Amino acid sequence: MAGRLVVALMAQSCTLATPPSAVAAISLKLSRAAILRPPPSYAPTSLSTRTITMNINSQEQQQDNLDGIFKQKRILRSKVRKALKAMDPTLRSHEDNAIQSIVLEAPWFRSSQRLCAYICCSALREVDTSNVLSAILQSPLKEGDVQVRKKLYVPRVEDKNCHMRMLNISCIDDLVANSMNILEPAPIDADGNEREDVLQASDPVDLFLLPGLAFDRSGRRLGRGGGYYDTFLKNYQELAKTRNWKQPLLVALSYSVQILDEGVPVTPHDILVDALVSPAGVIPISPAALDRMRP
């Protein structure tokens, strides 16, 4: 009985021993802890979720825009192909000769020492380049008192993944028909040596003569959908920049029906041309073309 009484008194003493000042101090500490407590962990997660959602929406919008451009390109390709197919053969021949004569007589062509040019394909209804290629391969360029022949590189398609090379040829006989009956250079020459790849050459190219399906007067070019030229030109431009070379002049050859007033749809990956050559004459577009093609 006496033991229980002592315990009870001790308990009561402990309970009553806490003074008001101590209680206030504890309350103050709890208040400070509440103020300094970090925000709930869900706040950063919520912000991150909103950011991800915005990125997804932006990517979806960009994809929708690209899909729209690709659709416009398909429609335009169909339209231009029909116009080319409907061209009178006599008119086509006349425009081929006119375009090539303009190129051959142009000072910016005559002064070029190293060139890349396409081999025309009649099945694709491309502007003829046979006279230009013959002139490049046969006519020497006078450099001081030394006669120097122009150096020519022509395309060779390696696969269906936009991989195209430009290889050096010295005569028309260096060309052979591929599986699609399009002339291109064999990778090995008649002497068993590998042909020089323009991307491995030690000197820069002055001029590119380019094909295309449609163009506008702002330099936008519509290809045939393979992406070979855009990929190659991007790689060459990056190479020239790395080596501190002057960028080559990009000149497209075009029939009259291929130059459009309404504009050509393009994506950020499409390469613009510097100038057009049509039967009506040269259309310089970029500052580089305006500078090099001045009369």
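**Entry 1, a helix pair.** I began with this predicted model by looking at helix H4 (residues 89-105) and helix H6 (residues 130-138), which pack with their axes 9 Å apart and at an angle of about 30°. Angles under 35 degrees count as roughly parallel, so I noted H4 as roughly parallel to H6.

Next I looked up who meets whom. From H4 I listed Asn97, Gln100, Val103 and Leu104, and across from them in H6 I found Ser130, Asn131, Val132 and Ala135. Sorted by class, the contact of H4 with H6 has four nonpolar and four polar residues, and no charged ones.

Where does Ser254 sit? I found Ser254 in the loop between strand E11 (249-253) and strand E12 (259-260). Is Ser254 buried or exposed? Its relative accessible area is 0%, so I wrote Ser254 down as buried.

I then checked which residues Ser254 touches, leaving out those up to four places away in sequence. My list for Ser254 reads Ile99, Val127, Phe215, Ile259, Val277, Ser278 and Pro279.

The protein averages a pLDDT of 85, and 79% of the residues score at least 70. Over residues 1-18 I saw pLDDT below 50, with one contact in the model beyond near neighbours in sequence. Residues 22-36 also stay under 50 in pLDDT, and for them I noted one contact beyond four places in sequence. A reminder to myself: where pLDDT is low, the predicted coordinates should not be read in detail.

Terms used
Residues are numbered from 1 along each chain as its sequence is written. This is a predicted model: local features need pLDDT of at least 70, side-chain atom pairs count only at pLDDT 80 or more; totals for chains, interfaces and linings use all residues. Side-chain values use heavy atoms; hydrogens and water are left out. Axes are lines fitted to C-alpha atoms, for helices over the stretch in contact, and angles run from 0 to 180 degrees between N-to-C directions. Helices (H or I, at least four residues) and strands (E, at least two) are DSSP runs, numbered from the N terminus. Angles under 35 degrees count as roughly parallel, over 145 as roughly antiparallel, 65 to 115 as roughly perpendicular and the rest as oblique. Contact means heavy atoms within 4.5 Å. Ala, Val, Leu, Ile, Met, Phe, Trp, Tyr, Cys and Pro count as nonpolar, Asp, Glu, Lys and Arg as charged, and the others, Gly among them, as polar. pLDDT is the predictor's confidence in each residue, from 0 to 100. Buried means under 20% relative accessible area, exposed over 50%, partly exposed in between (1.4 Å probe, protein chains only).
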